[in-house]
Amino acid sequence: MLITFKSAAGADVIMFGDIAKKLVAILGKDPQDAKGIVTVEQLPNAIARLRAAIDEDKARQAGHAQDEDDEPDPERRGMAAPVSLAQRAWPLLELLQLSQKDGVPVVWGV
């Protein structure tokens with residue numbers, strides 16, 4: 001399942017359902033709702049919540065990297081490397097910021 005985040009301020013952001021639902025929950029919305037909106041008034045809070053989640057994920061990655069051995073798993077590099085929440089959330093954060101700047105909402109499932 002794919003979820004598409006849309007705004008008149010920027011290009012659509014398309015994500016697989018599970019990560020999109022996780023990000024919707026971070027934004028403070030019900031991830032089980034098929035449709036949703038982040039209103040112009042809600043954008044500052046949604047942006048702050050998403051930034052906090054990104055920062056937390058980056059801190060967790062940094063701590064995890066320090067805990068690992070000096071030689072990382074060679075099979076987990078390049079295209080096989082896992083994609084972090086921070087990397088997946090960045091396009092949505094950018095869309096939210098553009099929407100705030102232009103004063104337009106972000107919607108999904110419509």
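Q: Is Ser99 buried or exposed?
A: Ser99 is buried, because its relative accessible area is 0%. Buried here means under 20% relative accessible area, exposed means over 50%, and partly exposed is in between (1.4 Å probe, protein chains only).

Q: What kind of model is this, and how are residues numbered?
A: This is a predicted model, in which local features need pLDDT of at least 70, side-chain atom pairs count only at pLDDT 80 or more, and totals for chains, interfaces and linings use all residues. Numbering starts from 1 along each chain as its sequence is written, and side-chain values use heavy atoms, with hydrogens and water left out.

Q: What's the average pLDDT for the protein?
A: The average is 90, and 85% of the residues score at least 70. pLDDT is the predictor's confidence in each residue, from 0 to 100.

Q: Where is confidence lowest, and where is it highest?
A: Confidence is lowest in helix 2 (residues 43-67), with a mean of 89, and highest in strand 4, at 98.

Q: Back to Ser99: which element is it found in?
A: Ser99 is found in helix 3. Helices (H or I, at least four residues) and strands (E, at least two) are DSSP runs, numbered from the N terminus.

Q: And what is Ser99 in contact with?
A: Leaving aside neighbours within four places in sequence, Ser99 is in contact with Ser7, Ala9, Leu43, Val104, Pro105 and Val106. Contact means heavy atoms within 4.5 Å.

Q: Val104 is on that list. Where does Val104 lie?
A: Val104 lies in the loop between helix 3 and strand 4. With neighbours within four places in sequence left aside, the contacts of Val104 include Ser7, Ala8, Ala9 and Ser99.

Q: How many residues separate Val104 and Ala8 in sequence?
A: They are 96 residues apart in sequence, yet 6.7 Å apart in space, C-alpha to C-alpha.

Q: Which residues of helix 3 are buried?
A: The buried ones are Leu85, Ala86, Ala89, Leu92, Leu93, Leu95, Leu96 and Ser99.

Q: Where is the kink in helix 3?
A: The kink is centred on Pro91 and comes to about 30°. For the bend at a residue, the angle is taken between axes fitted to the seven residues ending there and the seven starting there.

Q: What span should helix 3 have?
A: Helix 3 (residues 85-102) has 18 residues, so at 1.5 Å a residue it should span 26 Å, and its end C-alpha atoms are 26 Å apart, which agrees. The expected span is 1.5 Å times one less than the number of residues.

Q: How many bridges join strand 1 to strand 2?
A: Strand 1 (residues 2-7) and strand 2 (residues 10-16) are joined by 5 bridges and run antiparallel. The hairpin between them goes through 2 residues, and Ile3 has Met15 as its bridge partner in strand 2.

Q: What about strand 1 and strand 4?
A: Those two also run antiparallel, with 2 bridges joining strand 1 to strand 4 (residues 106-108). Phe5 stands opposite Trp108 in strand 4.

Q: Which residues make up the covered face of strand 1?
A: Ile3, Phe5 and Ser7 form the covered face, while Leu2, Thr4 and Lys6 form the uncovered one.

Technical notes. Pairing = 2+ DSSP bridges.
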